[in-house]
Amino acid sequence: MELLDPLDHKILEILQLNNLTSQREIGNKIGLSAPAVQRRITRMRELGVIKKDIAVLNPEHLGQLITIVVQVEMEADKVEIVTKTKRKFEQTPQVQQCYYVTGEADFMLIVVVSNMKEYEKLTHELFFNNPGIQRFKSSICMDIVKSGLALPVPK
C-alpha cells in the first residue's frame with residue numbers, strides 16, 4: 001500500500017472537519033492546486049483510506065433522544081451464530097455502532113431510540129428472540145460528552 005505524505009495528512013484533517021470543503025479551499029490552505037488536491041483525494045478513496053463521504057446528523061432533530069450503550073454476551077462463540085448476530089446488528093437502523101470485542105462482553109453497541117418503549121421493542125427483536133445471546137446490559141447515556149469518527153492523523 002502506498003504511503004501517505006504530509007500533504008495527504010493535511011487533506012485528511014481538513015476533510016474530517018468538513019467534507020464539503022472545496023478542493024480550491026483545501027489547496028489554498030496547504031499550498032496545492034485544486035486539481036492536485038482532487039487527484040490526491042481520488043487516490044485516497046481508491047486506496048480505501050477514505051471509506052465514505054457521509055453527513056453526520058443530529059439525533060435530537062430526528063427525535064432520537066436516547067442513546068444507549070449495550071454490552072452483549074453470547075451463549076457460545078459459534079461462528080454461524082456470531083455471523084448471524086453481526087448481520088442482524090448491522091441491518092438494524094437503531095444500532096449506530098457495533099463492535100465485536102474481547103473481554104466480558106462479545107459485542108458493544110451504541111443504540112439510539114426515541115423513547116424507552118421503542119428500546120423495549122428493540123430488545124425483544126435483537127436480544128430476547130436470539131437464542132445465541134446469553135445476556136445484555138444497557139447503560140443509558142445522560143450526556144454525550146464527545147461523539148465522532150475523526151481519527152488522529154499523523155503530522
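Predicted model: local features only at pLDDT ≥ 70, side-chain atom pairs only at ≥ 80, totals over all residues.
**Figure 1. Tyr 100 stands opposite Phe 107 in β3.** Strand β2 (residues 95-100) runs antiparallel to strand β3 (residues 107-113), and five bridges join the two. Another pair to pick out is Gln 97, whose bridge partner in β3 is Ile 110. Together β2 and β3 make a hairpin, with six residues between them. Have a look at Gly 103 in the turn: its phi is positive, about 105 degrees.

**Figure 2. Four strands line up as an open sheet in the order β2-β3-β1-β4.** The pairing is antiparallel. β2 and β4 (133-140) sit at the edges with a single partner strand each, so one side of each has no neighbour in the sheet. From one strand to the next, the twist averages 20 degrees. As for how much of β3 is covered, the answer is most of it: five of its seven residues are buried.

**Figure 3. β1 pairs with β3 through seven bridges.** These two strands run antiparallel, and a handy pair to find is Val 70, which stands opposite Leu 109 in β3. β1 is also joined to β4, again by seven bridges and again antiparallel. For that pairing, pick out Glu 73: its bridge partner in β4 is Arg 135.

**Figure 4. Asp 8 and Arg 40 form a salt bridge, with their closest N and O atoms 2.8 Å apart.** Asp 8 belongs to helix α1 (residues 6-17) and Arg 40 to helix α3, so this pair ties together parts that are 32 residues apart in sequence. Are the two partners buried or exposed? Asp 8 is buried, at a relative accessible area of 0%. Arg 40 is buried as well, with a value of 19%, which is under the 20% cut-off for that label. In the whole structure, a search turns up eight salt bridges.

**Figure 5. Within helix α2, Glu 25 and Lys 29 meet in a salt bridge.** The N to O distance between their side chains is 3.6 Å. The two residues are four apart, or about one turn of the helix. Glu 25 is partly exposed, with 39% relative accessible area, while Lys 29 counts as exposed at 56%. Helix α2 (residues 23-30) also has the highest mean pLDDT among the elements of the protein chain, at 98.

Figure 6. Glu 120 is partly exposed, with a relative accessible area of 41%, and Lys 117 is exposed, at 62%. Elsewhere, salt bridges that share partners link Asp 5, Asp 8, Arg 40 and Arg 43 into one network.

**Figure 7. Ile 54, Val 56 and Leu 149 make a nonpolar patch on the surface.** Their accessible area together comes to about 350 Å². Where does Val 56 lie? Look in the loop between α3 (34-47) and β1 (66-74). With a relative accessibility of 77%, Val 56 counts as exposed, since that label starts over 50%.

**Figure 8. Val 82 is a buried residue in helix α4.** Its relative accessible area is 6%, so Val 82 falls under the 20% cut-off for buried. Val 82 and Thr 42 are 40 residues apart along the chain, and 35 Å separates their C-alpha atoms. Helix α4 (residues 79-90) has the lowest mean pLDDT among the elements of the protein chain, at 95. Over the protein chain, pLDDT averages 94, and 99% of the residues score at least 70.

Terms used
Residues numbered from 1 in each chain as written. Heavy atoms only, no water. Patch = residues over 30% accessible without salt bridge, like charges linked within 9 Å, V, L, I, M, F, W, Y side chains within 5 Å. Areas by Shrake-Rupley, 256 points an atom, 1.4 Å probe, with all protein chains shown as cover. Salt bridge = Lys/Arg side-chain N within 4 Å of Asp/Glu carboxyl O. Buried < 20%, exposed > 50% of the residue type's maximum accessible area, 1.4 Å probe, protein only. Pairing = 2+ DSSP bridges. pLDDT = per-residue confidence, 0-100. Axes fitted to C-alpha atoms, helices over the stretch in contact; angles between N-to-C directions.
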